[in-house]
Amino acid sequence: MIGIFGGTFDPIHYGHLRSALEVKEIFNLTQVRLIPSAQPPHRLQPLASAALRLQMLELAISNQTGLVADDRELKRVGQSYMIDTLQSLRHDFPQQSLVLFMGSDAFNTLTSWHCWQDLFTYAHIVVLTRPGFVIQALDDFFATRLTTQKQILAAHKAGKLLFQSVTQLDISATAIRRCIAEGKNPGFLLPDVVITTIKQNQLYQIN
Ligand code: ATP
């Protein structure tokens, strides 16, 4: 079973990293692929270049077996649609269960994603929730896919929806960029190797 964690990673931080590590262990995944988006369809373009966002990601996970930096969206031209990414992963891993992880903020926008219903043809979706998170009333499309049993994910290659609590770290890339632009120290919000790369390349100086 392979985990997929998409994002702009502008920059990667401990909220992403701790979540990726926890889900790897919770779901007994062989690997979690962290996939930076080139041109996210739903938001402003990233401030750091694709090459630097990938470099920061690679440095951050260099000592973690099972966490993999996957640059397939950076190699594609045009918008970074998750449906294209999942199709490409399904091609590479035809026999594996694929599990797409996203925060509850991302799940709340899911129905505006390109071909969002087809995502379930290629992968399960696991929404990372806050403890005590109340599942909003799900429509039939989601309700029929919902499961609370992790072993169901391994038994199917795609198509299920599950909500999973992980350790909450109230860290966002937006807050880190603001902190740096204000000349403050972002220490302990993200790995030191990433902070060093940010300094060397004078990233996020302007908010
Ligand atoms: P920004 O502040 O620039 O929007 P971000 O910190 O939210 O960035 P993204 O790269 O946009 O990071 O997020 C990628 C994925 O990681 C999304 O699914 C998001 O929900 C999730 N995520 C981001 N921060 C956290 C966190 N602190 N804990 C758990 N998941 C997170």
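Guide: In what follows, Ala, Val, Leu, Ile, Met, Phe, Trp, Tyr, Cys and Pro count as nonpolar, Asp, Glu, Lys and Arg as charged, and the others, Gly among them, as polar. The model discussed here is predicted.

Visitor: How many residues of the shell around the ligand are charged?

Guide: The ligand is surrounded by 17 residues, and the closest are Gly-7, Gly-15, Gly-103, Ala-173 and Thr-174. Sorted by class, this shell has eight polar and seven nonpolar residues, and the number of charged residues is two.

Visitor: Which element gives the most to the shell around the ligand?

Guide: Two or more residues of the shell come from each of β4 (98-103), α5 (104-107), α9 (173-181) and α1 (14-26). With three residues, the element that gives the most is α1.

Visitor: Is helix α2 roughly parallel or roughly antiparallel to α10?

Guide: Two packed helices are described by the angle between their axes and the distance between the axes. For α2 (residues 50-60) and α10 (residues 192-200), the axes come within 8 Å and cross at roughly 155°. Because angles over 145 degrees count as roughly antiparallel, the relation of α2 to α10 is roughly antiparallel.

Visitor: How many residues of the contact of α2 with α10 are nonpolar?

Guide: In the right-handed crossing of α2 and α10, α2 contributes Gln-55, Met-56, Leu-59 and Ala-60, while α10 contributes Val-193, Val-194 and Thr-197. The contact contains no charged residues and two polar ones, and its nonpolar residues number five.

Visitor: Which residue other than glycine has a phi near 50°?

Guide: The residue is placed in the loop between α5 and α6 (119-122). Its phi is a positive value, and its name is Cys-115.

Visitor: What is the mean pLDDT of the chain?

Guide: For the complex, the predictor gives a pTM of 0.94 and an ipTM of 0.96. In the chain, 95% of the residues reach a pLDDT of 70 or more, and the mean is 93.

Note on methods
Residues are numbered from 1 along each chain as its sequence is written. This is a predicted model: local features need pLDDT of at least 70, side-chain atom pairs count only at pLDDT 80 or more; totals for chains, interfaces and linings use all residues. A residue is near a molecule or strand if its C-beta atom, placed from the backbone, lies within 6 Å of it. Helices (H or I, at least four residues) and strands (E, at least two) are DSSP runs, numbered from the N terminus. Axes are lines fitted to C-alpha atoms, for helices over the stretch in contact, and angles run from 0 to 180 degrees between N-to-C directions. Angles under 35 degrees count as roughly parallel, over 145 as roughly antiparallel, 65 to 115 as roughly perpendicular and the rest as oblique. A crossing is left-handed if the near helix is turned anticlockwise from the far one by less than a right angle, and right-handed if clockwise. Two residues are in contact if their C-beta atoms, placed from the backbone, lie within 7 Å. pLDDT is the predictor's confidence in each residue, from 0 to 100.
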